[in-house]
Amino acid sequence: MTRVLGPFVLAALAATAARAQQADSEPRWELLVGHSYSSARALMQPATLTLEKVQGSPLYSVLDVGALVRGSVTARSWIETGLRARTGSARPSGQQVFGAMARVFGELDPVLVAVGGEYQANGGFDVHALDATAELTPLGGLPGLGTWVSPALHLRWRPWIGTAVGDGVRPYVRLSADWVQGRLEAGIEETAWLVAGSGRSFVKGDISFQLVGGLSVTASGESGRSPPTWERTGRIGLGLGFRLAP
Amino acid sequence: MRRRDERGHSWTNRGVERAVIRIVRRLSPGFARRPISRKTRLHQDLGWDEYYPLRVVRPIRATLHVSLDDHLVLRLRTVGDLVACVWNAMEVPA
């Protein structure tokens, strides 16, 4: 039952948020399109369409894309709701991921707190996960945390610590970092979970060269095990990236 | 022209700009000797990430006595946007 209701619960959350927003006299919704919505860093990564050649196999496509709609709830909080897909012909259905989520943020300086719900399924929709999540990050205060280390070194990082509650309790930590130099951007994000007493981790990274507008040439890679299937994956690809943000 | 903050203190637009730039400079280590103006971009020039601009909310409330909407702060792109945001939140004297 939980599996069936997952998307509807999230849709209801989003609808509730929309109603709350309509009470605001100034509509302030924005659309952001990026690689994923798992973190601030992931949002800044481009959505990627990559072509891969694997030995003994034809040329395959890999698509990673996510979109978020964000709007205010109260003066000190806002909501994000979105969809994401990790798919393409290079990924068997067991490794494809589709997800939807709604998350409410509250700024309690010196930390930012996020509470939300997320539904994830594999490509065949035979593995599902519905989780409630709570996570926080310090807004700043250490060198490079949320802002460049220095005017000469355009490197910044951000940690998150949280817990997902669904089919069990999974504490996790996430660390992201990105570096910018002119049109060149590089980023890496690693998440580590504690699942049933054992550790699992997933790391992804990208290097992008901005062409024009939100378009870039992007090399990306990933390795490790991630929900909902926790299957071990690893790939490196080269393709086009796209990012839309106001 | 002058405006009043939530405690009734009177501000000029130039005074608001100076106070905002002081706050932005304090939150930007390494930029002490770099010029910061209305045109300075929070993300591209100062390197602030998605959530870092929220750090201005508390000092602006303490110094300029103005409460800013978090979601509005997240959408600011330049120091000038922040100055305008604070200025617009102040009361125009009758």
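In chain B, helix α3 (residues 70–74) has the lowest confidence, a mean pLDDT of 91, and strand β2 (residues 10–12) the highest, at 97. pLDDT is the predictor's per-residue confidence, from 0 to 100. Helices (H or I, at least four residues) and strands (E, at least two) are DSSP runs numbered from the N terminus.

This is a predicted model, in which local features need pLDDT of at least 70, side-chain atom pairs count only at pLDDT 80 or more, and totals for chains, interfaces and linings use all residues. Residues are numbered from 1 along each chain as its sequence is written, while chains are lettered from A and ligands numbered from 1 in the order in which they are written.

**Confidence**
- The model scores ipTM 0.89 and pTM 0.81.
- Chain B averages a pLDDT of 93, and 100% of its residues score at least 70.
- Chain A averages 79, with 77% of the residues at 70 or above.
- Within chain A, helix α1 (residues 2–22) is lowest, at a mean of 41, and β8(A) is highest, at 93.
- Residues 1–26 of chain A fall below 50, and beyond near neighbours in sequence this stretch has 29 contacts in the model.
- Residues 39–44 of chain A are also below 50, with 26 such contacts.
- Where pLDDT is low, predicted coordinates should not be read in detail.

**Chain A overall**
- Chain A holds 2 helices and 13 strands.
- Of its 246 residues, 36% are buried (20 or more other C-beta atoms within 10 Å of the residue's own; exposed means 12 or fewer, partly exposed in between; C-beta atoms are placed from the backbone).
- Two residues are in contact if their C-beta atoms, placed from the backbone, lie within 7 Å.
- Among chain A contacts between residues at least 6 apart in sequence, 49% join residues at least 24 apart.

**The A–B contact**
- Chain A gives 25 residues and chain B gives 21.
- On the chain A side, α2 (40–44), β3 (59–74), β4 (77–87) and β8 (155–166) each give two or more residues.
- That side divides into 10 nonpolar, 8 polar and 7 charged residues.
- Here Ala, Val, Leu, Ile, Met, Phe, Trp, Tyr, Cys and Pro count as nonpolar, Asp, Glu, Lys and Arg as charged, and the others, Gly among them, as polar.

**Largest nonpolar core**
- A nonpolar core is a set of buried Ala, Val, Leu, Ile, Met, Phe, Trp, Tyr and Cys residues joined through C-beta atoms within 7 Å.
- The largest has 40 residues, of which Val20(B), Ile60(B), Val73(B), Leu82(B) and Val86(B) touch the most other members.
- α4(B) supplies the largest share, 5 residues.
- Beyond its neighbours within four places in sequence, Leu82(B) contacts Val20(B), Val56(B) and Leu76(B).

**Helix α1 of chain B**
- Val16(B), Glu17(B), Val20(B), Ile23(B) and Val24(B) are buried in α1(B).
- They sit on the same side of α1(B), because they cover an arc of only 130° around the axis, taken from the directions from the helix axis to the C-beta atoms.
- Exposed Arg14(B) and Arg18(B) lie on the face turned away from the buried side.
- Cover for the buried residues includes β2, α2 and α4 of chain B.

**Gly94(A)**
- Gly94(A) lies in the loop between β4 and β5 of chain A.
- Gly94(A) counts as partly exposed because it has 14 C-beta neighbours inside 10 Å.
- Leaving aside neighbours within four places in sequence, its contacts are Asn122(A), Gly123(A), Gly124(A), Thr229(A) and Glu231(A).
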